[in-house]
Amino acid sequence: MSKPYAPKEIEPKWQARWEADGLYHADIDESKPKHYALTMLPYPSGDLHIGHWYAMTPSDARARFMRMKGYNVMFPMGFDAFGLPAENAAIKSGIHPMVRTRQNIERMRKQLRSMGAMFDWRREIVSCEPDYYKWTEWFFIQLYKHGLAYRKKAPVDFCPNCNTTLAREQVWGEDRHCERCNTPVIKKDLEQWFFKTTQYAEELLRYDGIDWPERVRVLQTNWIGRSEGASVIFKTESGEDIEIFTTRPDTLWGATFMVMSPEHPLVESLTTPEQREAVQAYQLQAARQSDIEREAADKEKTGVFTGGYAINPVNGARIPVWIADYVLMTYGTGAIMAVPAHDTRDFAFARKYNLPIIPVIQPEGEAPLNGETMTEAYTGGGVMVNSGPFNGTQVNDKKGRENPGILAVAQWLEQKGIGKLAVTYKLRDWLISRQRYWGAPIPMIYCDKCGWNAVPEDQLPVLLPEDVEWRPTGESPLKFHPTWKHTTCPVCGGPAERETDTMDTFMCSSWYHLGYLSPWRKDVPFDEREYNYWMPVDTYTGGIEHATMHLIYTRFFHKALRDMGITQGNEPMLQLRNQGMVLGEDGEKMSKSRGNVVAPDELVERYGADTVRAYLMFFARWDMGAPWDSQGIEGTARWLRRVWMLFTDENQPGTASAETLRHLRRKTHQTLRKVTRDFENFEFNTIVSALMELLNEMYKAREAGAAGTPAWSEAQELYLKMMAPVTPHIAEELWSEVLGKPYSIHLQAWPTVDEEAAKEDEIIIPVQVNGKLRERVTLSIEASEDDIRTAALNAVAPYLEGRQPKKVIVVRKQLVNIVI
RNA sequence: GCCGAAGUGGCGGAACAGGCAGACGCGCACGACUCAAAAUCGUGUUCCGUAAGGAGUGAGGGUUCGAUUCCCUCCUUCGGCACCA
């Protein structure tokens, strides 16, 4: 009897050995192609979740595979350690977030080590440590110096529970709630710091040279929300400019009124004394309404006439200017021309307030549109009418300059100097100020005389004070600290105050992939040589939930740094792959309150890390995820026990037939071919099932006396190499200890497929009659198409009942279909 | 409303290029070993039917000798956006 499989003994043993030997250290080696494998770093909540395992262990397996393929692989790990939960916990417990965070990190490091992943811990970064956030501040200053960071007063989303502002991306759902705590957000007018993400909107829409999932690209594209049209200058009667944006300049002649957002700065001067009261009442009402109420799409349109008029620049028409809350100050210019005949919203508004409707696009082959009798706006293409010089111009359904009508009008507007082709984006600048303590300080100083100035770089980092008092309201202790904010102006030396807001934690994660390059360098954000060797990231893995947050920010950041000469290339991450989510056994999202959380530590304790790793790769398509199945893991546990037994049993050398051995070699190399391809494609579930199949074949081959033969040894060796990335510990134990091969299996090269061995020498051809499977014929691989045809016809003769086949289709060496 | 993804046995899933649907595993059933259980091993397991046979990849239609795969219409579920001018 061999000794039983004991993962609890072998796993810690090998982990310690690998660590001691620095087996996974990634150092520059010009003789090898590099591979930078990166997986999203965790927030140190204190416990590693099964979701972390699901994200990280297949990524680790892939990184290990690449290493065996001959790449010099870097696979680093760190902690995204700033953020609200730690601060909120501090308010409750009184324990400083740094203390708690460091404890949590220590615990999570242990848990991460239990995965047996090939992390190079020398490269670890912790975003809340001054060594790291010094550079987060430094990057802020670079953005500021290049005009990409600016401060402005704006209505911003504020979470009353977290007591801080949020970026637009952090506000979710129809009720516009806080991404973290689900509290509905409110609007506040605050002076805040922003990054000019909009300056990169156009470039962010291009995904040239990167292999990212279509899904992420679509999400980002929709989020950026590009629309092409024209900007046109209308004039008020007193001669002031009202700039509008429209996607339909071809309908300019049908503009019968204008609508401004209630907050539009020109409302004041346009409003006539008679209308002032009504306008102010409406403005007040709009201001009081929450965004939720205001932005409910199905709400009936309301508005108020300002009493003022504007002149339509294309035909001189005098048209009334209204205000209405369906026009948003935050999109376009905050003012629109209203063309009720061809826009659904304008139509509803015009009907309600009895405003004229003038059709200017006539659908071809239909009765002329009549503004008085139309029941809905006509939004399709046709021929321009009532449009002065453009009468007869074709308009189609295309958008922007692809539409001949739009293009012609836009060019004409430009010639006349009253408008031009223009593009507007939904993307807004990134609001990075947070009114909280636990984040990287914004390194800015305000002086009454000199205004805002950056902290001199030689004074970085601006450290968070440690002696702080927690307020139950969540208000930032930085604001109330007796001395911290008082400093001197870097320009005039007079008394000045620090910015007390801290940065959004997405700022920390926008450059962490650079942090890993050389955390030991204290004098530069990253070592240039390391950068030149390792960057860009070759494979990035993580959850889809970051599609419009982290993944946009980090792309923006890289492009901005590129333009400052700090980084090179256009994109930070070449290949992106998203894992799905492991749900609770009840099919719901895992949560403590539901009590459906699966604890990886317990699973490791019970089954060992290799089983957990293998199961996570096997139980679902990685990109889809699935509900957890606590019984299912028994299958992978059984697999590893069977592997263990097969390798540790005393096998009597047998006398297998040549046929048995050929079959074993064939299956071995076919499996290698499949496993190699599946690793390349991130298809982890079929890697494990292919290995299970091969194991079943090996058991059969042993039964038939294959043990002790060269084919058997080859199968064993390849089997362990194929397992090694998936289940690194058992593979090492069987390789180094049981088979006695040279340590370490993780330094072995990935084997190559022996195509000759993988070849089939017999083929089984299914024979269909009228598409229905009737027989199978077995032929030599050498059989010609004629041989196959003849054999097939003979085999199904009874089904033909003497009739002549109409057609016989022979598909390569795969199938025959006989049509009668 | 708009954009996107996904619908295959009791369950997770497989099917490289339009060519044997259900690999692999879970579960279940029966059997072997055992005083018994666990572990292990063996056999079976899409549905209807005793069987021959038939049906079958969300529904309906189309292309094709042949469709889980391609095209059209629709349904359901999930995700994102949402008065975006």
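Predicted model: local features only at pLDDT ≥ 70, side-chain atom pairs only at ≥ 80, totals over all residues.
Chain A has 820 residues, and 55% of them count as buried. The C-alpha atoms fill a box of roughly 105 × 85 × 50 Å along the principal axes. In secondary structure, we have 27 helices and 32 strands. Now the contacts. Take those in chain A with a separation of 6 or more: 72% of them come from residues 24 or more positions apart.

Next, the domains. Chain A is divided into domain 1, residues 226-425, domain 2, residues 630-758, and domain 3, residues 762-819. Between the C-alpha centres of domain 2 and domain 3 there are 36 Å.

Let's start with strand 12, residues 318-323. How many of its six residues are buried? Five, so strand 12 is largely enclosed by the rest of the structure. Look at its partners. Strand 10, residues 257-260, pairs with strand 12 in the parallel sense, over three bridges. There, M260 stands opposite I323 of strand 12. Strand 11, residues 304-311, pairs with strand 12 in the antiparallel sense, over five bridges. Here V304 stands opposite I323, and Y309 has P320 as its bridge partner.

Strand 11 and strand 12 also form a hairpin, with six residues between them. Check G316 in the turn: its phi is positive, at about 70 degrees. Strand 11 is mostly covered too, with six of its eight residues buried. And strand 11 has another link. Strand 8, residues 226-236, runs antiparallel to strand 11, and two bridges join them. T236 has A310 of strand 11 as its bridge partner.

Helix 2 covers residues 50-68, and helix 19 covers residues 609-618. Their axes come within 9 Å and cross at roughly 90 degrees. Helix 2 and helix 19 are therefore roughly perpendicular to each other. Which residues of helix 2 meet helix 19? On the helix 2 side they are I50, W53, Y54, T57, P58, D60, A61 and R64. On the helix 19 side, A609, V612, R613, L616 and M617 meet them. The residues of this contact divide into nine nonpolar, one polar and three charged.

Four strands form an open sheet, in the order 30-29-32-31, with mixed pairing. Why is one side of strand 30 and of strand 31 left without a neighbour in the sheet? Strand 30, residues 772-780, and strand 31, residues 807-811, stand at the edges, so each has a single partner strand. On average, neighbouring strands of this sheet are turned by 20 degrees against each other, direction ignored.

Strand 29, residues 762-769, pairs with strand 30 in the antiparallel sense over eight bridges.

Key. Residues numbered from 1 in each chain as written. Chains lettered and ligands numbered in written order. Heavy atoms only, no water. Axes fitted to C-alpha atoms, helices over the stretch in contact; angles between N-to-C directions. Parallel < 35°, antiparallel > 145°, perpendicular 65-115°, else oblique. Contact = heavy atoms within 4.5 Å. Nonpolar A, V, L, I, M, F, W, Y, C, P; charged D, E, K, R; others polar. Pairing = 2+ DSSP bridges. Domains from an automatic or database assignment. Buried < 20%, exposed > 50% of the residue type's maximum accessible area, 1.4 Å probe, protein only.
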